[in-house]
Structures are given as C-alpha cells and as structure tokens.
Amino acid sequence: MATRRQILSGAAASVAGLVSARVFAAESNSTPANNMACETPSQALPSALPDNPPLASKLFPPKYKYGVGGTQLGNIFEVTPDDQAQAMLEAAWAVGTRLFDTAPFYGFGLSERRLGHFLDDKNPEDYVLATKTGRLLKADANPPNPGIWKGDLNFSYQFDFTAAGTRRSVEDSLQRLGVGKIDLVTIHDITEPMLGKDWREQLEIAKKGAMPELTRMREEGIIGGWGMGVNNLETCLEAMDAADPDIMLQATRYNLLDHKEALAKLFPKARANDVALIIGAPLGAGYLAGTERWLYGGDVPAGFADKRARMDKLANKHGTDLRTAALQFTTAPDIVAATIPGARNAEQARANHASMTQAIPAAFWQEMKQQGLIAEDAPTPG
Ligand SMILES: NC(=O)c1ccc[n+]([C@@H]2O[C@H](COP(=O)([O-])OP(=O)(O)OC[C@H]3O[C@@H](n4cnc5c(N)ncnc54)[C@H](OP(=O)(O)O)[C@@H]3O)[C@@H](O)[C@H]2O)c1
C-alpha cells in the first residue's frame, strides 16, 4: 500500500527535462477542424513520459505526470460501449499511462466498475488509482435526473459528506473497483452548481466529517492521500485552511482558455500549503480538442471561439496542434503534479499520450503571450 509520502520515494528521478528541445520545423496546412481532431503531429519524440521528481518538501504528487480521466467510462454525454471502454484503457496502459481517475458519480458506479475490471490483473504497485467521495449510491432501476450520464443506470445517489458517509463511500469504492487500496480520494463537487445555495453548509459538514475522516483513513493506510475534486477555486482554498489535504483535483479552472484566477489565487496558496494539483478537464471537456462543447453544459463563453481559432492557427504555424498545447500547458507549472484528460476511445488515449511527448517550440509560447492569448505570468513547458 503506497501511503501518503511513500509514493514520493518511488518516484523516478527523471523529469520534465526528458522532453528535449527539438523544435518542429514543419509548418502544417491543417484547418482548425481537422487539426484539432485525434491526430498528433508525427514528429513525436521517442522519449518516455515525464514523471514527477522525488520532492524534498511534503508535496504529495503521484509519480505520474499524465493520467486518464474516468468520465467517458461512465458514459458521459454518450454511451461508450464496453469493448470500446476496455480498448481505451488497454491502449492507455500499452503506451505507459499509469494514473487513473474515477468517481462513484461517473455513470453512477459504472466508471469504477469498468476501471476495476480492467485493473483486475494488474499489480497495484504499478499504477496510481484515484477516486472520489461525497455521493453514496443506492440501487434504483429508474434513477431520476441522470443528467449527462447516458445508457442504462441501475443506481441513484445521495450526497453525504459526513465522516460515516465518507468511510462507507471509500469502502463501497474498494468493492466496486475490486482493489485493496486507493491511492488518492478527493471530496467531490462541493460547489454551488452541484449542491445549490446551501453548498456552504455541506462544506462545513465536510470540514467536520469527510476531511478529518480521510486524514484518519490516510493514517490507517486505507488510502494514500486525499484532497478536493471540484470545478471551482473557492472550495480548494477553504479546504487548505480547514484541514490537511495532500492534493487538489482542480477541474475546469486551469486550461488554455481560463487560468488567470487560478494562477493568482490557487497556485500561491497551494505552494504555501505544500499541496500539489491535478488538473481535470484540461481540454475543456472537449472544446480544446475540437468539439463544440465547452465543459458540461451551457454556452461557450463569449470570445472563446475567436481565441481558440487564433491559438489553433498559431499552433499550426509552429508545427504543433492545439490539443497538444492544451495538455502540456496544464502540466507546466511546478505545482501541478499531473493532468488527466479523458479519452473516449483507444485512438484518443494514444493521441493524448503522444501529445505529452511532443516538443513544442518556445517561440509558440512567446507568441501566445505576445498576442495576449495566455497570461504573461503563465508557466509554459520547456
Ligand atoms: N470535479 C472533479 O473532480 C472533476 C471535474 C471534471 C473532470 N474531472 C476529471 O478530469 C477528467 C478529464 O475531464 P473530461 O474528460 O471531462 O474533459 P477533458 O479531458 O477536458 O476532455 C475530454 C473530451 O475531449 C475529447 N478528446 C479527448 N482526447 C481527444 C483526442 N485525442 N482527439 C479528439 N478529441 C479528444 C473527447 O470528446 P468526445 O467524447 O466528444 O470525443 C473527450 O470526451 C475526467 O474524466 C475526470 O476524471 C474531475
């Protein structure tokens, strides 16, 4: 069982510098539409993925800087057939992906079941497994409000951020996943869009319940570490004041199109508290990979379409592609331990992995800043 700081000692010494400074000379003639699809330019370096270095501080990064998300395994937006889901995981594993994120919420248990099935014959020491707590599932042939989860659903859920509910949730996840350890558990979705106006009351319940209980479970060795898994900044900031988290799974607020507030507020506080970050939804749930969907509902914010088109053009000019730039952008900050894009199929899993081994010319990032497309103080790869 990899407990809180032991993961550090297993971390490889090789680091971000693995990606050499080779610059792409070729200029692509791709249109935005075809360039943003699955393909990654073929000049991929034959290097391994960068891992996180062992750190002297009490930061708790998973070893792996690149992982795969679990929403597609839960049939988000559309049904991912079983064979396609397993093929995606097989492809991710085959290219070296070893960090997996899931949640009870994703397909109301389906994502955990599928991931557990895949991991069944794997050595737990060979991967890092993250799941979430905050919703307890109960059998329900006709769950109300399936929302973004498609296909047949056999469970519904109720929120529970108490200590007892948290322990039960982790135990349920262990059983659904069929594993004897979970490396990271994040407290899921304590935000206003998910919980409504009384979301702060739930945060207070978590401060007294879920947070100290996860610290206890970490000390007992049932989990390796814990944090928040949320789409806002405020919850992450408050949790660092209230408790002793190891990591924040920050989704949707650190990506090419939206990062200024996270840079200003979250990053300094995470550094001060020795809390590493995992970036969820690095592609804006698909928008930075070419879909017309921004995040999980609602309209694409004003100005994003124009910015995306300009970024895409610039990426092509410098011989790379926007998805590759979007993924690498999220792992550039020293405080970021990993990025976890979701993949719908094997091809996407392979393409996203390949993106992490591409060298992007420094001139691309300079021009992005000169044109005001990303913040002047945003860390960039290389
Ligand atoms: N609150 C939280 O804790 C929280 C919130 C959000 C996300 N997360 C975590 O972060 C993970 C990633 O988020 P996400 O999957 O929602 O969003 P994402 O990684 O930003 O985008 C994934 C989507 O982008 C498209 N895509 C990915 N790779 C592609 C490729 N190579 N070529 C073309 N399109 C590609 C796919 O769209 P199509 O399916 O349309 O093909 C895919 O579904 C989640 O799976 C989850 O583990 C956590």
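Analyst: A definition comes first: Ala, Val, Leu, Ile, Met, Phe, Trp, Tyr, Cys and Pro count as nonpolar, Asp, Glu, Lys and Arg as charged, and the others, Gly among them, as polar. In this predicted model, the shell around the ligand then divides into 14 nonpolar, 16 polar and four charged residues.

User: Which residues of the shell are the closest to the ligand, and what class do they belong to?

Analyst: The ligand is surrounded by 34 residues, of which Gly69, Gly229, Ala251, Gly280 and Gly342 are the closest.

User: What makes E7 a strand that is called mostly covered?

Analyst: A residue is buried if 20 or more other C-beta atoms lie within 10 Å of its own, and five of the five residues of E7 are buried. Both faces of the strand are covered, with Ile247, Leu249 and Ala251 buried on one side and Met248 and Gln250 buried on the other.

User: How do you know that E6 and E7 pair, and in which sense?

Analyst: Two strands pair if DSSP finds at least two bridges between them; E6 and E7 have four bridges, in the parallel sense, and therefore count as paired. Gly227 stands opposite Ile247 in E7.

User: Which residues touch the most other members of the largest nonpolar core?

Analyst: That core has 88 residues, and those that touch the most other members are Ile247, Met248, Leu277, Ile278, Ala325 and Ala326. Leaving aside residues up to four places away in sequence, Ile278 touches Ile247, Leu249, Ala337, Ala338 and Ile340.

User: Why are the buried residues of helix H7 said to line one face of the helix?

Analyst: In H7, which spans residues 199-208, the buried residues are Gln202, Leu203 and Ala206. Seen down the axis of H7, these buried residues fall within an arc of 105 degrees, so they line one face. What covers them includes strand E4 (155-159), E5, helix H6 (192-195), helix H8 (210-220) and helix H9 (234-242).

User: How many helices and strands does the chain have, and what share of its residues counts as buried?

Analyst: The chain has 14 helices and nine strands, and 47% of its 382 residues count as buried.

Methods. Residues numbered from 1 in each chain as written. Predicted model: local features only at pLDDT ≥ 70, side-chain atom pairs only at ≥ 80, totals over all residues. Near = placed C-beta within 6 Å. Core = buried A, V, L, I, M, F, W, Y, C linked by C-beta atoms within 7 Å. Buried ≥ 20, exposed ≤ 12 C-beta atoms within 10 Å, placed from the backbone. Contact = placed C-beta atoms within 7 Å. Helix = DSSP H or I, 4+ residues; strand = E, 2+ residues; numbered from the N terminus. Arc of directions from axis to C-beta.
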